[in-house]
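The sequence and the structure come first.

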Amino acid sequence: MILVNSVDNSPSSNPDEAFATALAEAVERRRNFAIISHPDAGKTTLTEKLLLYGGAIQQAGAVKARGEQRKVTSDWMDLEKQRGISITSTVLQFDYRDNTINLLDTPGHQDFSEDTYRTLAAADNAVMLEDAAKGLEPQTRKLFEVCRMREIPIFTFINKMDRPCQEPLSLLDEIEAELGLSTWAVNWPIGSGEQFRGVIDRRSREVVLFGRAERGRQSSERHLKLDDPKLKDLVEDDLLEKALEEIELLEVAGAEMDLNKIHAGELTPIFFGSAMTNFGVRPFLDAFLCMAKGPIARNSSDGPVDPLHPNFSGFVFKLQANMDPRHRDRVAFVRVCSGRFEKDMTVSHARTGKTIRLSRPQKIFGQDRAVVDDAYPGDVIGLNNPGMFSIGDTLYSGQRVEYEGIPCFSPEIFSWLRNPNPSAFKNFRKGVNELREEGAVQILYDTDQSKRDPILAAVGQLQLEVVQHRLENEYGVSTRLDPLGFQVARWVSGGWKALEELGRIFNCKTVQDAWQRPVLLFKNEWNLNQLEEDHPELKLCSVAPVVSGVDPLKL
Ligand code: G4P
């Protein structure tokens, strides 16, 4: 595998020019992103509108399926919910202008789980969607932290400008002050709520006036130069004046547009609009495609891997069981990182060293699946998982490569998992181990050997429900949950040695993870802060790297 900035002269890495050109073109076209938002900010609506522009769907239904109306293509989670295993985050691919766009769809609030975090590990860009009346909300902050960790570019869409909202300047201030992210408004709203007239594009000094669209339809857009005399008849003086004054303030006091900073995740371009009425969605998509990062070189154990390397490589970022209950199937979602993936190709599995023929790769679009013939860096493919794939696994052809694992994210919900039926112990143990390996939930153990029941640790309640449901349905074990009253978990950097040196600590419980690393559980942030204050020498981490190649503790 050629790494970035290194040269490999072996004949196998010297593909014919036509292949190299096709690969370069495919990579050049691709853009990939995930939307991070709080429930109700309008993610489903925005997704739907983006798909509409991409021609991926013909009819934008209202967000919630009403009566006989067709279901929103990306919103197929209700079906999953009825089955109690709503763990979907899917990938939507569509073409728009010269680009092939992969939208990694993260599940909404009720379905919040580690999958939501992991999906961000496969994304090259994030769109942060805010409700203009509410500003930053908890779920968005959490997801933002994961984006920051990965230093991916963040594009902010401030939605629902057609409704009464906060002052645009204070929305920007909030992002700067609370997230430590500089902002650069690409467009600026003229009015809001009933008086929302459109936006001024700061780059072209053009006013984009929007006509309200019929529900679900593409709105009309009218472009006028700022000095066009017709503007006076179309927009109230005071609204225009206020917008211009604010823009002037931004010119003087705001950050400057800097693509490098955007790509480093330090500066976020801001767009104002209204997904529901289609205000500003197309300008957003156009600008996003100009500024977004293409498929990036991913870090492997030997350094970054160039997406243009001819050998295929990719990693598993999500596993999903029972997508189709009739087939009890399991799908592994693989993000392609380099080279071209081809149907029926034989690849190596880095963790086990085995070779596998990938005969039924799928592209999954909402409910629909289609067999893919090929895929390129930035794309996501669904592979049938006979149980051999784990989260973070690398697949490659040619020279060995192994991508950095996907970390364990700090759980916030903890519960003993009880097995009231001793005769089912074997199945219970098997099920818990397999579900942990699959990444459905994290498992912690009490350090007291006499308490051997596993502690389920999750970032979302849904994960616990999924585990219970699957244990019952797939392993025939009914279980009981006994919640523990903790909300915060931290891994200890120096391991057991660091803890021993510390002596007795209070207001927290020490447990161990499946790799026997110490984890501290706290009732609340306040207790955590107190311990950190009392022991500044203690280094605690909210994410822990996945340990590959180590056999985790068995029950
Ligand atoms: P989510 O996926 O982020 O949870 O949000 P979703 O798109 O479902 O939107 C949540 C609600 O906000 C929906 O209303 C939706 O119509 C509304 N909404 C989304 N974008 C805009 C916007 O730009 N302006 C306004 N005014 N509303 C917006 P709902 O009442 O829950 O559903 P429905 O009755 O519209 O179907």
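My notes on the salt bridges follow.

I keep in mind throughout that this is a predicted model. I looked up the total first, and the count comes to 33 salt bridges.

I then turned to Asp286 and Arg97, whose side chains meet in a salt bridge at 2.9 Å, N to O.

Next I looked at Arg197, which forms a salt bridge with Glu236, their closest N and O atoms lying 2.8 Å apart. Because Arg197 belongs to the loop between strand 7 (187-190) and strand 8 (198-201), and Glu236 to the loop between helix 7 (231-234) and helix 8 (237-253), the pair ties together parts that are 39 residues apart in sequence. I noted Arg197 as partly exposed at 22% relative accessibility, and Glu236 as partly exposed too, with a relative accessible area of 27%.

I also recorded the salt bridge between Asp482 and Arg480, with 3.2 Å between the closest N and O atoms. Here Asp482 is partly exposed at 23%, and Arg480 counts as partly exposed at 41% relative accessibility.

Last, I followed shared partners and found that salt bridges join Glu114, Asp115, Arg118 and Lys318 into one network.

Technical notes. Residues numbered from 1 in each chain as written. Predicted model: local features only at pLDDT ≥ 70, side-chain atom pairs only at ≥ 80, totals over all residues. Heavy atoms only, no water. Salt bridge = Lys/Arg side-chain N within 4 Å of Asp/Glu carboxyl O. Helix = DSSP H or I, 4+ residues; strand = E, 2+ residues; numbered from the N terminus. Buried < 20%, exposed > 50% of the residue type's maximum accessible area, 1.4 Å probe, protein only.
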